[in-house]
Amino acid sequence: LKKNCQKIKLKLFPGGTKLIHGHFCLDSYKYFFPKAPRICFAREPLSLLISFYDYINLKSKKESKLRLYYEKVIDSKVEDFLLSQHAQSFYKRMFGSFDYRDFSFIGILEKYEESINLFNKLFGTSLIVKHVNKTNEMGNQLSLKSSFSSQFLNEFRTVHKFNYEFYNYALSFFEKKTEELDKI
């Protein structure tokens, strides 16, 4: 398998490829760049999944490739989606067999500009902060019509144990790296 990946890598990724990004399971690229640093951004789980719900609802009307996904996963009340197994496994599906504690960098979406600045310092890059692909810029957010009871929010936090463990780890990672750089 690794040998085939090398051949495919040469066809898919031209020489000099420095970055692959997107919303996909890391296992898809496990053998392509095994020593490359793995990075990601974390977002508070409720906020992340509401945004995802809104995005699919809005985009599926324009993009037929999302229609089947919409019908299978999102065609429900926001509360049902937020408690669904699909939502609960969101981060696990993205990480695949990778352990998030082994990532080289984890940014925080709620601290996006600070995260980009931290990334630039750690990796010697000069990325520019851009704010694109925001659901609230695409149209009305369907979920804003929902208000969640404290009982629902408690249930959400309980069933999203892994998502919150990751998010809390990410917050700690961010603070630790920021403090380390401030001491230099």
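Reader: How are α7 and α10 oriented to each other?

Author: In this predicted model, local features need pLDDT of at least 70, side-chain atom pairs count only at pLDDT 80 or more, and totals for chains, interfaces and linings use all residues. Residues are numbered from 1 along each chain as its sequence is written, and side-chain values use heavy atoms, with hydrogens and water left out. The axes of helix α7 (residues 112-123) and helix α10 (residues 161-183) come within 11 Å and cross at roughly 55 degrees; axes are lines fitted to C-alpha atoms, for helices over the stretch in contact, and angles run from 0 to 180 degrees between N-to-C directions. Because angles under 35 degrees count as roughly parallel, over 145 as roughly antiparallel, 65 to 115 as roughly perpendicular and the rest as oblique, α7 and α10 are oblique.

Reader: Which residues of α10 make the contact with α7, and how many residues of that contact are charged?

Author: Contact means heavy atoms within 4.5 Å. On α7, the contact is made by E114, S115, L118, K121 and L122, and on α10 by F174, K177, T178 and L181. By class (Ala, Val, Leu, Ile, Met, Phe, Trp, Tyr, Cys and Pro are nonpolar, Asp, Glu, Lys and Arg charged, and the others, Gly among them, polar), the contact of α7 with α10 has four nonpolar residues, two polar and, as charged residues, three.

Reader: At what angle do helix α2 and α10 pack, and how many nonpolar residues does their contact have?

Author: Helix α2 (residues 45-59) has its axis 10 Å from that of α10, and the two pack at an angle of about 115 degrees. P45, L46 and L49 of α2 meet N163, Y164 and Y167 of α10. This contact has no charged residues, one polar residue and, as nonpolar residues, five.

Reader: Is Y53 buried or exposed?

Author: Y53 is found in helix α2. Buried means under 20% relative accessible area, exposed over 50% and partly exposed in between, with a 1.4 Å probe and protein chains only. Because its relative accessibility is 8%, Y53 counts as buried.

Reader: How many helices and strands are there in the chain?

Author: Helices (H or I, at least four residues) and strands (E, at least two) are DSSP runs, numbered from the N terminus. Along the sequence, the pattern is α-β-α-α-α-α-α-β-α-α-α-α. The chain has two strands and, as helices, ten.

Reader: What percentage of the residues of the chain count as buried?

Author: The chain has 184 residues, and the buried share is 32%.
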